[in-house]
Amino acid sequence: MHGEVVEYLGRWSRLAVIVLIAGGAAGAVAQGRGPSAWTGQKDCFIRDINMPAQSLHVGMASACDAAADDTNATGDNAANAAYNAARAHNSLAEVSNPVSHYSSALAAIAKSLQRVRNDHPSIVDSPKDKDKKVAAAKALANQRFRLGRTYEAARAYLGLGLTDPPVSAQATGGACSGRDSCLVEATRLLDSKDLARAFENEPVDTRYDMFVFLRGRAYAQLGRESDSAKARSDYEAIVLRGTKAGAPRGRAQLAATAKLELAKIYVRDGQAAL
């Protein structure tokens, strides 16, 4: 699987980040006017399905795990189901049993990539439908899929990096071991914005913002001087985008949390300079 994939401010900010990432992962899709929310196993095969209410995430994880292992499923369908399972596991990890669910998310993303690589022609090449609207909708779903799998893998690595006590390689199925190892894997996946760039100028969709925010958080948690500079740059970009007139609610929320994260970095850097 490997390679495939601070007090007042700290307490408030950590909670805000969990709420934003858990809710935002669903909200970004809803704002992008994707299909309706997941309701059952048949929906696991839908590439761009919206996340359901939190109370259904346990069922979604179980159903989509099973759908991904269905020997009668096509490669595309199995890849979609595994991706959707990963999304549900990551959401569940932010509520309970983080090591188990984050590790399951990484295993699901690895399975999804085994069935359909991110560079596979079926999701990289332009759809050949005669109906331009249909072709455009398929191309957008494919872009979301490629970005989503990278984002969810990085989200799981970041979560594992922040567990206390630090995780072992055995607990994560060899994905990573210890704080820095898991955080470095997260930054490795997030280090290029190429996958997210397709959504940079979207007026409502917040995928690009969530991607940059997650990367900033991973760099901030590593805490090295060079990483702090990268985290500041990412957070400042989020603040700039989220405070513009007319910014959608999700983007404005990310900007508010990024301001808190920036304050933590400034305090930490100031203390280190003393």
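**Ser-228 and the helix pairs**

Modeller: Ser-228 sits in helix α9. Keep in mind that this is a predicted model.

Biologist: Why is Ser-228 called buried?

Modeller: Its relative accessible area is 2%. Buried means under 20%. Ser-228 is therefore buried.

Biologist: What does Ser-228 touch, leaving aside residues up to four places away in sequence?

Modeller: Ser-228 touches Gly-223, Ile-265, Arg-268 and Asp-269. Contact means heavy atoms within 4.5 Å.

Biologist: How far apart are Ser-228 and Leu-262, in sequence and in space?

Modeller: They are 34 residues apart in sequence. From C-alpha to C-alpha, the distance is 9.6 Å.

Biologist: How do you know how α9 and α10 are set against each other?

Modeller: Helix α9 covers residues 225-242. It packs with α10 at an angle of about 150 degrees, and the axes are 8 Å apart. The crossing is left-handed.

Biologist: Which residues make that contact?

Modeller: On the α9 side they include Ser-228, Ala-231, Tyr-235 and Val-239. On the α10 side, Leu-254, Ala-258, Leu-262 and Ile-265 are among them. By class, the contact has eleven nonpolar, two polar and eight charged residues.

Biologist: What makes the span of α10 close to the expected one?

Modeller: Helix α10 has 25 residues, numbered 249-273. It reaches 36 Å from its first C-alpha to its last. At 1.5 Å a residue, 36 Å is expected. The span is close to that value.

Biologist: Which residues of α10 are buried?

Modeller: Among them are Gly-250, Arg-251, Leu-254, Thr-257, Glu-261 and Lys-264. Leu-262 and Ile-265 are buried too.

Biologist: Why are α7 and α8 called roughly antiparallel?

Modeller: Helix α7 (residues 179-190) and helix α8 (residues 207-222) pack at about 150 degrees. Angles over 145 count as roughly antiparallel. The two helices are therefore roughly antiparallel to each other. Their axes are 9 Å apart.

Biologist: What is the hand of the crossing of α7 and α8, and which residues make the contact?

Modeller: The crossing is left-handed. Leu-183, Val-184 and Thr-187 are among the contact residues of α7. Those of α8 include Phe-211, Leu-214 and Tyr-219. By class, this contact has ten nonpolar, two polar and three charged residues.

Biologist: How many helices and strands does the whole chain have?

Modeller: The protein chain has ten helices and zero strands.

Biologist: And how much of the protein chain is buried?

Modeller: Buried residues make up 49% of its 274 residues.

How values were computed: Residues numbered from 1 in each chain as written. Predicted model: local features only at pLDDT ≥ 70, side-chain atom pairs only at ≥ 80, totals over all residues. Heavy atoms only, no water. Helix = DSSP H or I, 4+ residues; strand = E, 2+ residues; numbered from the N terminus. Expected span 1.5 Å × (residues − 1). Buried < 20%, exposed > 50% of the residue type's maximum accessible area, 1.4 Å probe, protein only. Axes fitted to C-alpha atoms, helices over the stretch in contact; angles between N-to-C directions. Parallel < 35°, antiparallel > 145°, perpendicular 65-115°, else oblique. Left-handed = near helix turned anticlockwise from the far one by under 90°. Nonpolar A, V, L, I, M, F, W, Y, C, P; charged D, E, K, R; others polar.
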